[in-house]
Amino acid sequence: MINLKYPAGIQKSNVTSNHRKKKVQYGHRGMTLEKDIDTTNKYYLNTNRAIIHKKPTPITVVNVDYPSRKKAKITEAYYKTPSTSDYNGIYRGRYIDFEVKETRNPTRFPFINIHEHQVEHMRECHKQGGIVFIIMRFHVHDEVFLYPIERFLVHWDNFKNKDGRKSIRYDDVKKESYQIPEKYNPRFDYLKTVDEIYFGER
């Protein structure tokens with residue numbers, strides 16, 4: 001098990017041994033959807049449609065275990081810097097930046113799913129004219145949405161000002177975002193939705 005430490009200012013939630021199973025689930029949020037998006041991005045790259053990649057998260061290795069001469073296992077490491085959003089790239093001459101999130105909650109998207117520094121990074125990208133959004137999956141409904149960041153920020157800012165909920169209701173997400181249908185190839189053609197929203201194409 002790798003002990004990953006966070007940089008100053010980024011708090012890791014304390015989880016007791018009784019909640020160890022829950023801790024593992026939190027650590028794997030978004031991984032299934034991310035794999036689907038990775039497959040989609042590879043398709044975009046191979047067909048010369050866009051260049052979009054997952055951002056690597058740099059870490060500093062502290063301890064390494066050598067169970068044998070040919071094997072090395074990282075046992076302790078920490079993040080060099082707080083991560084920003086998951087993906088970025090270029091599409092139709094525009095900078096594109098987005099986060100990928102999943103929730104198993106059937107009625108809401110809890111803000112605990114996303115870090116403040118990620119939201120603020122996307123806010124700044126949006127201010128500079130970038131195409132910025134969150135791709136969000138509700139597992140129970142088996143639905144994936146593209147949620148424009150400017151609509152997400154309305155709920156987030158209310159939450160940060162202590163005036164709003166600690167989550168966004170599923171009904172609000174469905175009303176304010178755009179559903180991305182699942183296909184064979186590409187798996188989730190989110191750029192078709194981007195064309196509709198940001199380039200006025202149908």
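**Note on the predicted model: sheet, cores and local features**

1. Strands β9 and β11 pair in the antiparallel sense over two bridges; two strands count as paired if DSSP finds at least two bridges between them. Across this pairing, Leu-146 stands opposite Tyr-178 in β11. Helices (H or I, at least four residues) and strands (E, at least two) are DSSP runs, numbered from the N terminus.

2. On the source: this is a predicted model, in which local features need pLDDT of at least 70 and side-chain atom pairs count only at pLDDT 80 or more, while totals for chains, interfaces and linings use all residues. Residues are numbered from 1 along each chain as its sequence is written, and side-chain values use heavy atoms, with hydrogens and water left out.

3. The chain contains six helices and eleven strands. Of its 202 residues, 37% are buried, where buried means under 20% relative accessible area, exposed over 50%, and partly exposed in between (1.4 Å probe, protein chains only). The accessible surface of the chain is about 12500 Å², and carbon and sulfur atoms hold 49% of that; areas come from the Shrake-Rupley method with a 1.4 Å probe, and for residues only the protein chains shown count as cover. Among contacts with a separation of 6 or more, 66% join residues 24 or more positions apart, a contact being heavy atoms within 4.5 Å.

4. The order β2-β5-β6-β8-β9-β11 describes an open sheet of six strands with mixed pairing.

5. Helix α4 (residues 149–160) lies across β8, β9 and β11 and runs at about 85° to β9. Helix α6 lies across β2, β5, β6, β8, β9 and β11, at about 130° to β8. Axes are lines fitted to C-alpha atoms, for helices over the stretch in contact, and angles run from 0 to 180 degrees between N-to-C directions.

6. The largest nonpolar core has 20 residues, and those with the most contacts inside it include Ile-37, Phe-98, Phe-133 and Tyr-190. Two or more residues each come from α2 (31–46), β5 (87–91), β6 (94–103), β8 (131–138), β9 (143–148) and α6 (190–198). Apart from it lies another core, of 19 residues, with Ile-134, Phe-145, Trp-156 and Tyr-170 among them. A nonpolar core is a set of buried Ala, Val, Leu, Ile, Met, Phe, Trp, Tyr and Cys residues joined through side-chain atoms within 4.5 Å.

7. Not counting residues up to four places away in sequence, Phe-133 touches, among others, Phe-98, Met-122, Leu-146, Tyr-190, Val-194 and Tyr-198.

8. His-155 lies in helix α4 and is buried, at 17% relative accessible area. Leaving aside neighbours within four places in sequence, His-155 is in contact with Phe-111, Tyr-147, Ile-168, Asp-172 and Glu-176.

9. The peptide bond from Asn-185 to Pro-186 is cis, with omega near 0°; Pro-186 lies in the loop between β11 and α6.

10. Asn-48, a residue other than glycine, has a positive phi, near 60°. Asn-48 lies in the loop between α2 and β2 and is exposed, with a relative accessible area of 72%. Asp-142, also not a glycine, has a positive phi of about 55°. Asp-142 lies in the loop between β8 and β9 and counts as exposed at 57% relative accessibility.
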